[in-house]
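Look at the structure below before reading on. The notes then go through it topic by topic.

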Protein chains: 2
Amino acid sequence: MLFKELNLCKCKTYLIACDVQNQAVLVDPVLENIERYLAVLAYNGLKLIDVIDTHTHADHRSGCTLLSELTDAKIVMHRLAPHPLVDVHVDEGDELKVGNIVIKVLYTPGHTPDGIALVLDDRVLTGDTLMIRGTGRTDFAGGNPAEEYDSIIEKLFSLPDETLVFPAHDYRGNTQSTIGEEKQKNPRILGKSKEQFIHVMENLGLPLPDKIQEVLQLNQTELDDDLYELPSIAELNRIFQLEPNEIKTFLGQSTPQVLIDVRSEAEFNGELGHIEGSILIPLDKLSENIEKLEKYKNDNIIVICRSGARSTTAAALLTGMGFENVSNLRGGMLAWNEAANK
Amino acid sequence: MLFKELNLCKCKTYLIACDVQNQAVLVDPVLENIERYLAVLAYNGLKLIDVIDTHTHADHRSGCTLLSELTDAKIVMHRLAPHPLVDVHVDEGDELKVGNIVIKVLYTPGHTPDGIALVLDDRVLTGDTLMIRGTGRTDFAGGNPAEEYDSIIEKLFSLPDETLVFPAHDYRGNTQSTIGEEKQKNPRILGKSKEQFIHVMENLGLPLPDKIQEVLQLNQTELDDDLYELPSIAELNRIFQLEPNEIKTFLGQSTPQVLIDVRSEAEFNGELGHIEGSILIPLDKLSENIEKLEKYKNDNIIVICRSGARSTTAAALLTGMGFENVSNLRGGMLAWNEAANK
């Protein structure tokens, strides 16, 4: 196995390759280092099979989309990831094969709802859930400290103590740790109850990095940032979020509800299906189709996507264009289908 | 043999490759062109064996460390180089093999104390000691005009006149020269005695390039520049430099002396050994271990490394943190051992 971190900085990208079958995956590639990754792959004679994001990043633009376009590697993310072009949605217990290497997926939400850890051989890639002597912040992008605690204690700390830990970020120059070391020395977790952990995480008082919301939305939507001015956090927060059952109630009433599905055509007709009567306008085609929507300007509009992130961006864009009553389906078609199956 | 300059600008990086055994070395790679080098190597199907810096650069960040990380190539520099991650320390007369090519090392200090020239086949890579119609400046980074004169006259000008000359820098668009041409036309040397050469070099009055001290220190230390604010030239110059015999005298006296060795653990326990009683705190772990040193805040502290450069940076960092009496072992463990063997 060839295993290397390729950025040598705070934000880490891992190459995992089988040197028998010459197949490789990249984990958490960053957009600005694409040429380096391609050069390293070419230098080692490796074929890129998968590009994997351990979660939707908010600190850097993901390189997955461009790498996938350039190499035909499949984009792999958790099933809750909002990214519109994921080829393989994974969940707890799924396995990915890279030549002779087997990578096992753990579902480890907390820093974000779509966080995964990757277990292989003697090591685990912990994304931003468990970091060296730290844990990923949980105060934006759908973070949840209770979930993070459970992911760390129940999933990651169940691995053998000698398991090597490779995080997606480190701000102090560390490169690796072990599960045993983190159990003994991680100050966020050591000797803390779940309630104490939640209290700490809710009171970190960290500033939000510059442009974080813009980067997050670009990674969620893959919208070309030259074509759209992305909504601010305040504009996104003003969008009214509707639960699936609330929408079902509205649809049974006489007031007309306009359902706009902003996924791709493939997703609209794919495994998650779509809500009957909804109008398909993919997010990246929103401005060119805006005239078709003029007649609904004063109606109640509900925007829909896979997980609810892209549609919140779309709802805020429509609000900014003068549409007055735009709401969002919280959790998207994933939540809609789950509610239907209950 | 494949021989190419890969930057096509003032600052030059040479690829030397054996096209029989498909092995290559890069001489003086710059950090910002790493992707290009890897792509060229991959394009030509070459395996990178060594990355060589002809000296510690002050005008650009060296690409050696990152290239070594990405390809497992060995870092080669002169034995006086302060860089903490050198794999192969070379000196006058050593030979490096790249496939069927033999590269002979000449020790050519003057621009810096760790300057080498590389002789192969019909040519010599002269670093910044001998340049085309010029010579490397000697007014910082341990430069010494007398040594530079001797390196040029005794070493480089002993090569056959037809030897091709490839320097590490050229500011006038030249790409190559010959030893014979430089003997006849180099205005810094032509018709000048050693004393006249020294006088010229000491009166060039060149401004110091922006950020030169920062780049130099980063190349000397490989410290993460986001984690540390590097000392200024003035702060470095204020550090008291102690000779090995002065330190020996101090250690025999009753006033306590705290010896702090800032090399890596491998170096501390390596061939140069360490001074008995010295405390190991690698430079990149200095801030996280600062609490351990609090009790020595008012004691006499002497900082130690391999060649004295990293320890001067460490001494200035400690002074900046409020330690009052911090000195440096001039010349580091190399000088210490040399003094012991006299």
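This is a predicted model: local features need pLDDT of at least 70, side-chain atom pairs count only at pLDDT 80 or more; totals for chains, interfaces and linings use all residues.

**How chains A and B are arranged**

- Chain A can be superposed on chain B by a rotation of 116° with 0.4 Å of shift along the axis, and the RMSD is then 0.1 Å.
- The two copies are thus related as by a three-fold rotation axis.
- Ala39(A) is the residue of chain A that comes closest to the rotation axis, with its C-alpha at 2.9 Å.

**Where the chains touch**

- The contact between the chains involves 12 residues of chain A and 15 residues of chain B.
- On the chain A side, helix α1 (residues 34–43) gives the most, with 6 residues.
- By class, this side of chain A has 6 nonpolar, 1 polar and 5 charged residues.

**Helices α6 and α11 in chain A**

- Helix α6 (residues 212–221) of chain A packs against helix α11 (residues 309–320) of chain A at an angle of about 115°, and their axes are 9 Å apart.
- The crossing of α6(A) and α11(A) is left-handed.
- From α6(A), the residues in this contact are Gln217(A), Gln220(A) and Thr221(A), and they meet Ala309(A), Arg310(A) and Thr313(A) of α11(A).
- Sorted by class, the contact of α6(A) with α11(A) has 1 nonpolar, 4 polar and 1 charged residues.

**Helix α11 in chain B**

- At 1.5 Å a residue, the 12 residues of α11 (residues 309–320) of chain B should span 16 Å, and the end C-alpha atoms are 17 Å apart, which agrees.
- The buried residues of α11(B) include Ala309(B), Arg310(B), Leu317(B) and Leu318(B).
- After α11(B) comes Gly322(B), which has a positive phi near 100°.

**Asn22 in both chains**

- Most residues other than glycine have a negative phi.
- Asn22(A) has a positive phi, near 55°, and is not a glycine.
- Asn22(A) sits in the loop between β2 (14–18) and β3 (23–27) of chain A.
- Asn22(A) has 14 other C-beta atoms within 10 Å, so it is partly exposed.
- In chain B, Asn22(B) also has a positive phi, of about 55°, and lies in the loop between β2 (14–18) and β3 (23–27).
- Asn22(B) counts as partly exposed, with 14 C-beta neighbours inside 10 Å.

Key
Residues are numbered from 1 along each chain as its sequence is written. Chains are lettered from A and ligands numbered from 1 in the order in which they are written. Axes are lines fitted to C-alpha atoms, for helices over the stretch in contact, and angles run from 0 to 180 degrees between N-to-C directions. Helices (H or I, at least four residues) and strands (E, at least two) are DSSP runs, numbered from the N terminus. A crossing is left-handed if the near helix is turned anticlockwise from the far one by less than a right angle, and right-handed if clockwise. Two residues are in contact if their C-beta atoms, placed from the backbone, lie within 7 Å. Ala, Val, Leu, Ile, Met, Phe, Trp, Tyr, Cys and Pro count as nonpolar, Asp, Glu, Lys and Arg as charged, and the others, Gly among them, as polar. Copies are superposed by least squares on the C-alpha atoms of residues with pLDDT of at least 70 in both. The expected span of a helix is 1.5 Å times one less than its number of residues. A residue is buried if 20 or more other C-beta atoms lie within 10 Å of its own, exposed if 12 or fewer, and partly exposed in between; C-beta atoms are placed from the backbone.
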